[in-house]
Amino acid sequence: MAVVLALDVGGTKIAAGLVDADGALRHATARPTRGDQDAEVVWAVVAGLIDEVLARADGPVDAVGIGSAGPVDVDAGTVSPINIPGWRGFALRERVAAAVPGVPVRLGGDGVCMALGEHRYGAGRGTRAMLGMVVSTGVGGGLVFDGEPLHGRTGNAGHVGHVVVDPDGQRCKCGGRGCVETIASGPAMVRWALANGWAPAGANADAKLLAEAAEAGDPVALQAFRRGTDALAVMIASVAAVCDLERVVIGGGVAKSGELLFAPLRSALAERARIDFLTGLRVEPAALGGEAGLVGAAVLATLG
């Protein structure tokens, strides 16, 4: 049975796993991303995960799939994740190929891999045109059309977190201004709530605590979620109109808040996406949870 080594390089954690031909994650492990360290320290985390996972394999793996936070350069095999400043033009595909010699290694953006996983095995099954999104410490995404990922010119198509929804808004880590990530990511919602009077007692403020406060009826926490979901609706309506989307699948830490996110998002989207060909657009929670990136990286590795 074909087994793929899958890697998922994110801004807060790096994960590795073994995925079989049925999309089942047979073994997975993760470590925190050492984003404040130099390139070789971060690479040492990846190398250690590869060694650990390969030691659990019954035999050689057939391929390696990598999903990485971006920007990525698929043709060059390099990555420059915004939250890993030590990796600028880092030759990740080449380094992984040297660590796992003799098998094909394929690189894609982490949003694309999440979308592929959900399209093949999760909430996007059967769709012709879908956007997969992660709403967490950032906002990421990937596009899948007729079962194939849309990479774009460099591999960064679907990078929806940097769609501008407020031209005069806050400066983003990407260097732009008013990206949806500056409003709808977990940390962005928390920052806005704290600046507008939310005062959590005796705990570190994070998106999970904000969601609990909103569930309890805190008006500032609720407004933070409404701002975030309205920004997401503006972005989704725009991307859906450009790409003629059928479905949007959303995962990530903020999506774990359930209807606190999805109910106002669907309502706001119904007001934004009114053109006839978008009337069937559906927004669904991701089905694979935190496994989507690894499963999707494996799917990427096996595409022709």
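A nonpolar core is a set of buried Ala, Val, Leu, Ile, Met, Phe, Trp, Tyr and Cys residues joined through side-chain atoms within 4.5 Å, where buried means under 20% relative accessible area (1.4 Å probe, protein chains only). The model here is predicted, so local features need pLDDT of at least 70 and side-chain atom pairs count only at pLDDT 80 or more, while totals for chains, interfaces and linings use all residues. Residues are numbered from 1 along each chain as its sequence is written, and side-chain values use heavy atoms, leaving out hydrogens and water.

Let's start inside. The largest nonpolar core has 45 residues, and Met133, Leu210, Leu232, Ile236, Leu245, Val248 and Ile250 touch the most other members. The largest share, 12 residues, comes from α7. A second, separate core of 31 residues includes Val42, Ile66, Leu92 and Leu107.

Now for the sheet. Five strands form an open, mixed sheet in the order β10-β9-β8-β11-β12; two strands pair if DSSP finds at least two bridges between them. At the edges, β10 (148-149) and β12 (282-285) each pair on one side only. Seven bridges join the antiparallel β8 and β9, and methionine 130 has valine 144 in β9 as its bridge partner.

Finally, the cysteines. A search of the whole structure finds zero disulfides, that is, pairs of cysteine sulfur atoms within 2.5 Å. Cysteine 179 is in none, its nearest cysteine sulfur, that of cysteine 174, being 3.7 Å away.

Notes. Buried means under 20% relative accessible area, exposed over 50%, partly exposed in between (1.4 Å probe, protein chains only). Helices (H or I, at least four residues) and strands (E, at least two) are DSSP runs, numbered from the N terminus.
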